Amino acid sequence: MAGKFELWTDKGGDWRFNLKASNGQVIATSQGYSSKAGALNGIESVRTNAPGAPVVEIEK
């Protein structure tokens, strides 16, 4: 089974999503969105913008 996005509303009423790997592990969690459409746009952004994203190490 491939990875999947899970979409839900939190206790505060914001929409959120997790990206889960095929083994069920959460590999990304979204910010809160005020609308379902906003969360779905966030999912599409991950799908579009992340496939070739480089890894950049930063200092904190």
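Rings of Phe, Tyr and Trp (its six-membered ring) pair if their centres lie within 6.5 Å; planes under 30 degrees apart count as stacked, over 60 as edge-to-face and the rest as tilted. By this rule, ring pairs link Phe-5, Phe-17 and Tyr-33 into a cluster. The model is predicted: local features need pLDDT of at least 70, side-chain atom pairs count only at pLDDT 80 or more, and totals for chains, interfaces and linings use all residues. Residues are numbered from 1 along each chain as its sequence is written, and side-chain values use heavy atoms, with hydrogens and water left out.

**View 1. The whole chain follows the pattern β-β-β-α.** The protein has 1 helix and 3 strands. Helices (H or I, at least four residues) and strands (E, at least two) are DSSP runs, numbered from the N terminus. The C-alpha trace spans about 35 × 35 × 20 Å along its principal axes. Of the 60 residues, 17% count as buried. Buried means under 20% relative accessible area, exposed over 50%, and partly exposed in between (1.4 Å probe, protein chains only). Contact means heavy atoms within 4.5 Å. Among contacts between residues at least 6 apart in sequence, 16% join residues at least 24 apart.

**View 2. Three strands form an open sheet in the order E1-E2-E3.** The pairing is antiparallel. E1 and strand E3 (26–29) are the edge strands, and each pairs on one side only. From one strand to the next, the twist averages 25 degrees. Axes are lines fitted to C-alpha atoms, for helices over the stretch in contact; angles run from 0 to 180 degrees between N-to-C directions. Two strands pair if DSSP finds at least two bridges between them.

**View 3. E1 and E2 form a hairpin.** Strand E1 (residues 4–9) and strand E2 (residues 15–20) run antiparallel, joined by 6 bridges. Lys-4 stands opposite Lys-20 in E2. Trp-8 stands opposite Arg-16 in E2. Between the two strands lie 5 residues. Gly-13, in the turn, has a positive phi of about 90 degrees.

**View 4. Phe-5 and Phe-17 form an edge-to-face pair.** The count comes to 2 aromatic pairs. In the Phe-5 and Phe-17 pair, the rings are 5.8 Å centre to centre, with 70 degrees between the planes. Phe-5 lies in strand E1 and Phe-17 in strand E2, 12 residues apart. Phe-5 is partly exposed, with a relative accessible area of 24%. Phe-17 is buried, at 4%.

**View 5. Phe-17 and Tyr-33 form a stacked pair.** Their rings are 6.3 Å centre to centre, with 15 degrees between the planes. Phe-17 lies in strand E2 and Tyr-33 in the loop between E3 and helix H1 (36–49), so the pair ties together parts that are 16 residues apart in sequence. Tyr-33 counts as buried, at 18% relative accessibility.
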